[in-house]
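Try each task before reading its solution.

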Amino acid sequence: MLKLYAMFLTLIFLVELVAAIVGFVFRHEIKNSFKNNYEKALKQYNATGDYRSDAVDKIQNTLHCCGVTDYRDWKDTNYYSEKGFPKSCCKLEGCSPQRDADKVNNEGCFIKVMTIIESEMGVVAGISFGVACFQGV
């Protein structure tokens with residue numbers, strides 16, 4: 001039983017190691033995938049509470065950003081042609097959707113998300129390494 005337990009711990013450690021290496025090697029594909037999915041979510045945005053629209057609103061509210069690369073990304077969407085910018089793009093609390101670019105955040109969300117991920121990568125790597133090492137003990 002002890003050998004079986006050691007074998008499972010070793011297997012879990014190797015899976016974690018492979019996942020970390022794959023994440024590092026394919027980080028550019030992960031970035032491209034995030035960007036493509038965020039662009040799709042913007043195009044399908046409808047502010048009715050579906051999970052994609054909620055995710056877009058949450059990101060834009062939390063990071064004070066608008067669009068993928070900048071606020072102009074919204075101009076290619078159906079939502080903008082009907083109602084203007086969403087409330088989550090507004091610089092000030094309580095503004096209503098409108099078309100005035102001076103009242104919305106200028107910076108795009110993709111750059112902000114990637115900056116946060118890259119700045120926290122050391123913490124994630126340290127925690128992952130710590131968990132992997134404590135499994136072996």
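For sorting residues, Ala, Val, Leu, Ile, Met, Phe, Trp, Tyr, Cys and Pro count as nonpolar, Asp, Glu, Lys and Arg as charged, and the others, Gly among them, as polar. This is a predicted model, where local features need pLDDT of at least 70, side-chain atom pairs count only at pLDDT 80 or more, and totals for chains, interfaces and linings use all residues. Residues are numbered from 1 along each chain as its sequence is written, and side-chain values use heavy atoms, with hydrogens and water left out.

**Exercise 1.** Work out which helix gives the most to the lining of the largest pocket, and how that lining divides by residue type.

*Solution.* Start with the term: on a 1 Å grid over the protein atoms alone, a pocket is an open set of points where a 1.4 Å probe fits, with protein on both sides within 12 Å along at least five of seven lines, and lining residues have an atom within 4 Å of a point. The largest pocket holds about 630 Å³, a volume being the space filled by probe spheres set on the points, which are joined across faces, edges and corners. Of its 20 lining residues, A20, F24, M121, V124 and A125 are the closest to the centre.

Next, the helices, which are DSSP runs (H or I, at least four residues) numbered from the N terminus. α1 (2-25), α2 (27-43) and α5 (109-136) each supply at least two lining residues, and α5 gives the most, with eleven. Finally, sort the lining: 14 nonpolar, two polar and four charged.

**Exercise 2.** Find the residues with the most contacts inside the largest nonpolar core.

*Solution.* Such a core is a set of buried Ala, Val, Leu, Ile, Met, Phe, Trp, Tyr and Cys residues (buried: under 20% relative accessible area, 1.4 Å probe, protein chains only) joined through side-chain atoms within 4.5 Å. The largest one has 21 residues, and V56, W74 and F85 have the most contacts inside it. α2, α3 (51-63), α4 (78-83) and α5 each give two or more residues to this core, with α5 giving the most, four. Zoom in on V56: leaving out residues up to four places away in sequence, V56 touches Y38, A41, L42, Y45 and W74 (contact: heavy atoms within 4.5 Å).

Key
Buried means under 20% relative accessible area, exposed over 50%, partly exposed in between (1.4 Å probe, protein chains only).
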